[in-house]
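Me: Hey, can you walk me through this one? I'd like to go bit by bit and ask as we go.

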Amino acid sequence: MYGSRVESGSQGNRHWKDTYTWRFSNRQEVRLVIDAIDFENWRPLATYWDGSGAPPTTGGAHLKLVAHLDPQPSTSSAPLPKAKKITFKLLKSSSVPGIAMNAPVVNAEKSPQDLQFEQARNQALGMVFVSKDRVETAPGGLFEFATAELSSFDSGAYGEVTAEAELEDGSIITARFRDTGDNPMRIPKRAPGSYVAEKWMNDHGAGAAGDFSDDEKLAGGAGDGHSGDGLTVYEEYRGFFADTVWFDTKPADVDFMVINDTNAANLEAHIKSGIQRFASATGLKVNSNMTDLDIKMPSDRTDYDPAKRVINPNALLEGGRHKVDQHAVVLRLSSSSTSPVSQTYGGPSSPKNISQIELSQKPTGDELVWTVAHELGHAANIPHHGEGGFRDAYWALQSDGSFHETPNSTITTGVPVTLKLEATGQVFSSPLSTKVTVSTKLQGLASGDETCIMRYPVANAIERASEPSVRYFITPDEPYGVTLCLDGKGKDFNSNRTYPDGSPRPSRHGDAAPGRGDCKHRICINDFHAHPPGAGGTP
């Protein structure tokens with residue numbers, strides 16, 4: 001039942017006319033509710049794209065949206081009204097460059113809108129595709145519910161969606177989200193002000209953190225006091241591509257990215273073991289799955305361009321969700337087949353300043369494992385235990401059975417020396433001439449904790465200042481380090497001990513130099529903290 005009444009009047013030069021209308025209906029009152037299937041567990045993903053050719057037209061993850069009419073509390077017994085049309089609208093979609101933090105390496109600005117209604121997938125559900133931002137039910141029907149599908153083209157996509165229903169009487173109602181009554185519904189399911197899926201936050205123990213947080217710490221108090229790994233929570237959630245495979249990182253881990261560009265199949269196992277030894281010693285979460293196609297690579301060891309080696313170039317600057325361009329560390333083999341030197345160019349420092357690590361082709365076995373771990377230590381801002389203190393020499397056997405020390409095997413006479421075993425202090429005689437590496441001072445490269453990967457274990461002879469004509473031969477070979485030290489002290493052969501007869505057995509190489517050692521508390525890989533580069537390369 002409905003009616004109307006018209007009232008008019010005048011006062012002086014003023015005239016008016018009011019019309020009143022009313023409608024009484026026994027129609028059941030309804031509301032439109034919007035929800036999504038498995039919404040609590042859904043997160044956006046992307047279809048891989050390398051930046052060449054046309055961008056993807058198929059999303060990496062799909063979310064089924066459902067809008068349905070629900071009765072409002074009412075005393076009416078009338079049938080539930082239906083909708084002539086139900087429309088889904090994407091009100092807001094992110095358009096962050098790229099599809100992940102490092103992909104694509106080129107043409108990131110040409111990546112597709114992050115959230116879209118795909119035409120084919122929605123037509124398969126019986127929906128009419130209007131645009132990538134809108135789909136609706138087909139004309140001519142009456143509906144109590146409708147289903148649409150929203151696709152993501154970025155692993156960090158976020159946006160807002162709503163639905164509208166045009167009822168039989170022509171009135172239009174707007175949907176409310178099932179859980180909160182909010183309109184519009186936030187995609188993915190996330191807290192207000194956050195762009196990260198709520199479940200991911202909770203699963204990773206980051207529920208109280210903001211998208212902008214970068215405050216993870218190494219276990220046991222390791223590190224130099226600087227927190228974080230250069231990646232915000234949003235960046236870790238959005239994730240990365242390595243050799244076309246997507247992965248995310250955990251906000252509780254301190255992540256360190258290595259590009260193994262050695263291309264040496266015969267050395268691959270030992271290089272991987274060296275990376276693992278470094279990871280175990282430092283407590284860093286090392287990812288070495290990225291390839292030279294996943295970031296902009298340096299041309300050579302002289303290429304310190306900070307725009308290269310960046311692992312998070314496709315940044316979202318809004319709300320502090322990007323704090324710094326964080327860099328990977330590149331491993332390459334030396335171009336020289338004869339050079340014995342491995343070198344970290346720009347180290348010790350944080351990854352931004354490391355143009356590359358150049359590995360000698362000569363080490364094999366555990367020596368190569370140690371070399372990789374040691375050089376990566378320099379890329380985590382860890383210096384040597386000391387500097388210098390080695391001399392290559394040759395012990396030339398003379399015709400009378402004595403020895404001369406000479407620079408190399410081409411020179412057969414030099415400084416007469418007495419040879420003793422370092423283990424016993426007793427004189428010994430060798431039937432052969434011998435090439436040796438002599439440790440010439442305390443607090444040099446070989447000093448400090450014997451188990452530390454940052455100590456050089458290459459000396460096989462000692463020259464003591466108190467006995468300039470005596471050389472002590474070291475046997476067995478010194479072990480390669482497997483840990484990071486907690487102080488600068490020698491614990492075994494680098495401490496002062498006694499020989500079996502009770503006489504003093506001095507430290508081989510001494511404690512670490514002042515201000516060195518304690519390597520566990522020197523780790524920093526966060527480029528935000530801007531550690532200065534080392535002078536040249538660090539072996």
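Me: How many bridges join β6 to strand β9, and do they run parallel or antiparallel?
Reply: Three bridges join them, and the two strands run antiparallel. Keep in mind that this is a predicted model.

Me: Which residue in β9 is the bridge partner of Q116?
Reply: That's S151. β9 itself covers residues 145–152.

Me: What sheet are they part of, and in what order do the strands come?
Reply: It's an open sheet of five strands, ordered β6-β9-β4-β3-β12, with mixed pairing. In general, strands of a sheet pair through backbone hydrogen bonds, and they can do that either parallel or antiparallel.

Me: Which strands are at the edges?
Reply: β6 (115–117) and β12 (176–177) are the edge strands, and each of them pairs on one side only.

Me: Buried, exposed or partly exposed?
Reply: D182 has 29% relative accessibility, so it counts as partly exposed. The cut-offs here are under 20% for buried and over 50% for exposed.

Me: How far is the C-alpha atom of D182 from that of V33?
Reply: They're separated by 10.0 Å, although the two residues are 149 residues apart along the chain.

Me: OK, new topic: β18. Which strands is β18 joined to by bridges?
Reply: Strand β16 (residues 255–260) is joined to β18 by three bridges, running parallel. Three bridges also join β18 to strand β20 (residues 356–359), again parallel.

Me: Is β18 mostly covered or exposed?
Reply: Mostly covered: four of the five residues in β18 (329–333) are buried.

Me: Let's switch to aromatics. How many aromatic pairs are there?
Reply: The structure holds 12. One of them is F390 with Y456: the ring centres are 6.2 Å apart and the planes are at 55 degrees, so that pair is tilted.

Me: Why tilted, and not stacked or edge-to-face?
Reply: Because stacked needs planes under 30 degrees apart and edge-to-face needs over 60. The planes of F390 and Y456 are at 55 degrees, so tilted is what's left.

Me: What does that pair tie together?
Reply: F390 is in strand β21 (residues 390–397), while Y456 is in the loop between β24 (434–439) and β25 (461–463), so the pair ties together parts that are 66 residues apart in sequence.

Me: Are those two buried or exposed?
Reply: Y456 counts as buried because its relative accessibility is 12%. F390 has 26%, so it counts as partly exposed.

Me: Which cluster do they belong to?
Reply: Ring pairs link W370, F390, Y456 and Y480 into a cluster.

Me: Which charged ends sit over rings?
Reply: The charged end of R464 sits over the ring of Y472, 4.0 Å from the ring centre. R508 has its charged end over the ring of F493, 4.2 Å from the centre.

Me: Last one: how many cavities of 30 Å³ or more does the structure hold?
Reply: One. The largest cavity has a volume of about 40 Å³.

Me: What lines it?
Reply: The lining of the largest cavity includes D229, D255, Q326 and H327, along with L231 and F256. By class, that lining has six nonpolar, two polar and two charged residues.

Notes. Residues numbered from 1 in each chain as written. Predicted model: local features only at pLDDT ≥ 70, side-chain atom pairs only at ≥ 80, totals over all residues. Heavy atoms only, no water. Pairing = 2+ DSSP bridges. Phe/Tyr/Trp six-rings, centres within 6.5 Å; stacked < 30°, edge-to-face > 60°. Buried < 20%, exposed > 50% of the residue type's maximum accessible area, 1.4 Å probe, protein only. Lys NZ or Arg CZ within 6 Å of the ring centre and 35° of its normal. 1 Å grid on protein atoms, 1.4 Å probe; cavity = no way out; pocket = protein on both sides within 12 Å on 5 of 7 lines; lining within 4 Å. Points joined across faces, edges and corners; volume = space filled by probe spheres on them. Nonpolar A, V, L, I, M, F, W, Y, C, P; charged D, E, K, R; others polar.
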